[in-house]
Amino acid sequence: MLKIYNTLSRRKEEFRPINPPYVGMYVCGPTVYGDAHLGHARAAITFDLLYRYLKYLAYKVRYVRNITDVGHLENDADSGEDKIGKRARLEQLEPMEIVQRYTNSYHHNMEQLNTLSPDIEPHASGHIIEQQLFTEKILEHGYAYESNGSIYFDVEKYNRHYHYGKLSGRKIEDLISNTRNLEGKEEKKHPYDFALWKKATPGHIMKWPSKWSEGYPGWHIECSTMSTKYLGDTFDIHGGGMDLLFPHHECEIAQSTAALGKESVRYWIHNNLITINGQKMGKSLGNAISLNELFSGNHKLLEKAYSPMAVRFFILQAHYRNTLDFSNRAIQASEKGMERLFDGMETLEKIKPSGESTYDPEELSKKCHEALNDDLNTPVLISYLFEGVKQIHLIASGKGSLTTGDLEKMKKIFATFVYDILGLKQEEKPAQESVANDLIRLILDIRMEAKKKKDFETADKIRNRLAGLGVFVKDIPGSYEWEWK
Ligand code: ZN
């Protein structure tokens, strides 16, 4: 039975979908005004893991992940420039050109990270009418008000009947003192009220007609609107990064409850953030590493390029609810770990079955399932897989054995957990390196033939010359092994 930590109840709960085997899952996607970075990768991989595991458990999942392409203002505030509009102005492009460019780039990065595409990927800009209708419902129910052509959510009134702050644990009194003094605030009854619809200021590019004003939707309303449009008024899972917990998800709960009279989401799931060398990641700190920079090695903080699978494995080696600190040393350790895992799987393929088993794969399988069922505990799962790798090497070196049936079970376990659920895949080595490896194998095959002909002088010469190049050869009966030293 899968147990998952629900941010709303603050405890692990057994996962029971509303209408099994169907599962509705909504995840907040990117605001597409720049290249995706490590934070985007962690959210996408966390929910890709959950999506893959739910499908493995035979649920029929509808996974919706949105694209925010309007209404997300600078500093996540209710005033200031639209992030996409600003980028469009700076680059002298249509906002939709910015949206298209960074949506394509995001998709490319997600494919490199081997994340599965969502089943529906709605754009906020494609749901303006729906967002207006949703806003109207909140107005009808009395939880919003019009002010100078903009519509604001009435937090205080809502809090009289429901609980604003239940997700983040924040109290209204604290919010008052924390709300920054911002332009446009005088339109609001209270500083913590938030915009559902904003009247466009002169010069604002992205705007649509409405009965209230020519304007645009607030940032939060898109997710209330699109999640319930595609998954129904109540649905199972809502996910996103911890940075979205407040105000975005808190406001989303308030909007949906105000419009529909009940809560929409059963399980709120949040992945924790990534720090860089112990520091919070941020553009202003100059340490926001984009995925493209990571994959090419082109960033001052990087010692070298890291492959998409190394990044994926690095992220999965931490539990999704813990913070994860990126450093060259940490990801290089992950690279080695992943190599060890794949090396074990290759060795497994070479093992010949025996009449009896000295190891029970059933036990390994059970432990792997338990790890995932315990709130997707991937670091524990990976440690069990490493235990399995240790056994594989023992068996391959003759210190153990597996029957045909157990050998097949073992292969199935590794394929299922490593490829299907963790979503890892063997990456092609860069072309030059693979040619070099092929040449070494060719030379060592020739050396084998020389040995067969008792031409030990040639055999030794090849071995010594290769050693000089850093290639270490180990003779084993009838064959050889080699590695770079
Ligand atoms: Zn959202």
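**Exercise 1. A helix and a sheet**

Which helix lies across S5, S6, S7 and S8, and at about what angle to S7 is it running? Describe the sheet as well.

Solution. The model is a predicted one.

Step 1. Start with the order of the strands. The sheet is open, has four strands in the order S5-S6-S7-S8, and pairs them in antiparallel fashion.

Step 2. Find the edges. Strand S5 (144-147) and strand S8 (215-217) each pair on one side only, which makes them the edge strands.

Step 3. Look at one pair. Strand S6 (residues 150-153) and strand S7 (residues 194-199) run antiparallel and are joined by three bridges. Trp197 in S7 is the bridge partner of Ile151.

Step 4. Helix H4 (residues 128-140) lies across S5, S6, S7 and S8, and runs at about 125° to S7.

**Exercise 2. The zinc site**

Name the protein donors of the zinc ion, and state which parts of the chain Cys28 and His248 tie together.

Solution. 

Step 1. List the donors. They are Cys28 (SG), Cys223 (SG) and His248 (NE2), lying 2.1 Å from the zinc ion.

Step 2. Write their spacing. Along the chain the donors follow C-x194-C-x24-H.

Step 3. Check their exposure. Buried means under 20% relative accessible area. Cys28 has 9% and is therefore buried; His248, with 2%, is buried too.

**Exercise 3. A sheet and a loop residue**

Describe the sheet that contains S12, then locate Met281 and list what it touches.

Solution. 

Step 1. Order the strands. This open sheet has three strands in the order S12-S11-S13, with mixed pairing. Its edge strands are S12 and strand S13 (324-326).

Step 2. Look at one pair. Three bridges join strand S11 (residues 274-276) to S13, and the two run parallel. Thr275 has Asp325 in S13 as its bridge partner.

Step 3. Locate Met281. Met281 is in the loop between strand S12 (279-280) and helix H9 (291-296). With 19% relative accessibility, Met281 counts as buried.

Step 4. List the contacts. Leaving out residues up to four places away in sequence, Met281 touches His37, Leu38, Gly39, Ile274, Ile276, Asn287, Ala288 and Ile289. Met281 and His37 are 244 residues apart in sequence, but their C-alpha atoms are 9.7 Å apart in space.

**Exercise 4. Backbone exceptions**

Solution. 

Step 1. Recall the background. Most peptide bonds are trans, and most residues other than glycine have a negative phi.

Step 2. Take the bonds. The bond from Pro20 to Pro21 is cis, with omega near 5°, and Pro21 is in the loop between strand S2 (11-14) and S3. The bond from Phe246 to Pro247 is also cis, with omega near 5°; Pro247 lies in helix H8.

Step 3. Take Arg10. Its phi is positive, near 60°. Arg10 lies in the loop between strand S1 (3-6) and S2 and is partly exposed, with a relative accessible area of 41%.

Step 4. Take Asp375. Its phi is positive, about 55°. Asp375 is in the loop between helix H12 (361-373) and helix H13 (378-396), and at 1% relative accessibility it counts as buried.

**Exercise 5. Domains**

Into which domains is the protein divided, and how far apart are the C-alpha centres of domain 1 and domain 3?

Solution. 

Step 1. Domain 1 covers 16-271, domain 2 covers 276-421 and domain 3 covers 431-484.

Step 2. Give the distance. The C-alpha centres of domain 1 and domain 3 are 60 Å apart.

Notes:
Residues are numbered from 1 along each chain as its sequence is written. This is a predicted model: local features need pLDDT of at least 70, side-chain atom pairs count only at pLDDT 80 or more; totals for chains, interfaces and linings use all residues. Side-chain values use heavy atoms; hydrogens and water are left out. Two strands pair if DSSP finds at least two bridges between them. Contact means heavy atoms within 4.5 Å. Axes are lines fitted to C-alpha atoms, for helices over the stretch in contact, and angles run from 0 to 180 degrees between N-to-C directions. Domain bounds come from an automatic or database domain assignment. Donors are N, O and S atoms within 2.8 Å of the metal (3.2 Å for Na, K and Ca); water is not among the atoms, so sites may look incomplete. Buried means under 20% relative accessible area, exposed over 50%, partly exposed in between (1.4 Å probe, protein chains only).
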